[in-house]
Amino acid sequence: MKDVKPPQKDAYASILEAIDVGVYRPGDRLVESDLAERFGMSRTPIREALQRLETQSLLTRDGRSLIVASLDHNQMAELYVVRTELEGLAARLAARHATEEEVQVLRGMVEDDRALLEDPSALARANRRFHKQIHLASHNRFLVQQLDLVHRSMALMATTSLAAQGRGEIALAEHQAIVDAITQRDEDAAYKALRDHISVAFVTRLKLDSMSKEAV
């Protein structure tokens, strides 16, 4: 019997995850040799992954170097318009299609995340998992694909709204309202609760960015 080889690492997914969790931040320079060493890969798949990320506007050119892109105010506003509508639709469809097991997973996430209120970074990761679970509970593969694209671009934002004082607790209360609406199969309420949640997050993020610029 032949030995089963472990699946080959995906350079694109590895770099994208590193950007998503903040290993590489907007403005950071990405070097092929450094990435190859970090992820234990040859430079060829790294080069191909960087080209793909550049095509998707997640990386941009600074002379001959590739750096992690950043979003200006207008780009951020445009992204949130799309995200708000798509996330609201996902919540509406989740209220219609989610299985009882999926609803229980969402309820458990809200309860578990209360232990992370003092850790904004961990809470931000948990927040992404919560939203992803709602996407999957919509049972619409095309919507999930579009939301994946939106959330890739979200990784280009330098701050998380959950870093704002008191935002974590408020966000969890908003998550609870979303899950309650999905549990009750109230499509309109689920849609509104998630749209309102995203809108508050956007305003909070703008305030954080403004405070950051004033402090410079």
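**Entry 1**

I looked up E87 first: it is buried, at a relative accessible area of 0%. Here buried means under 20% relative accessible area, exposed means over 50%, and partly exposed lies in between, with a 1.4 Å probe and protein chains only. I then checked R83, which is buried too, its relative accessible area being 5%. R83 and E87 form a salt bridge, with the closest N and O atoms 3.2 Å apart. I noted the cut-off: a salt bridge is a side-chain nitrogen of Lys or Arg within 4 Å of a carboxyl oxygen of Asp or Glu. Both residues sit in helix α4 (residues 73–97), 4 residues apart, about one turn of the helix.

**Entry 2: what I am looking at**

This is a predicted model, where local features need pLDDT of at least 70 and side-chain atom pairs count only at pLDDT 80 or more, while totals for chains, interfaces and linings use all residues. Residues are numbered from 1 along each chain as its sequence is written, and side-chain values use heavy atoms, leaving out hydrogens and water.

**Entry 3: a link between helices**

Which residue does R96 meet in a salt bridge? I found E187, at 2.9 Å from N to O. This pair links distant parts of the chain, R96 in helix α4 and E187 in helix α9 (residues 187–215), 91 residues apart. R96 counts as partly exposed at 43% relative accessibility. E187 is partly exposed as well, at 23%.

**Entry 4: along helix α9**

I moved on to K192 and D196, whose side chains meet in a salt bridge of 2.7 Å, N to O. Both lie in helix α9, 4 residues apart, about one turn of the helix. Is K192 buried or exposed? K192 counts as exposed, at 52% relative accessibility. D196, at 36%, counts as partly exposed.

**Entry 5: the wider tally**

I counted salt bridges next: the structure holds 13. A network of them links E32, R43 and R47. Side chains of opposite charge can pair when their charged atoms come close.

**Entry 6: the whole chain**

The protein chain has 9 helices and 3 strands. Helices (H or I, at least four residues) and strands (E, at least two) are DSSP runs, numbered from the N terminus. From that end, I read the order as α-β-α-α-β-β-α-α-α-α-α-α. Of the 216 residues, 42% count as buried. I also looked at contacts (heavy atoms within 4.5 Å). Among those between residues at least 6 apart in sequence, 76% join residues at least 24 apart.
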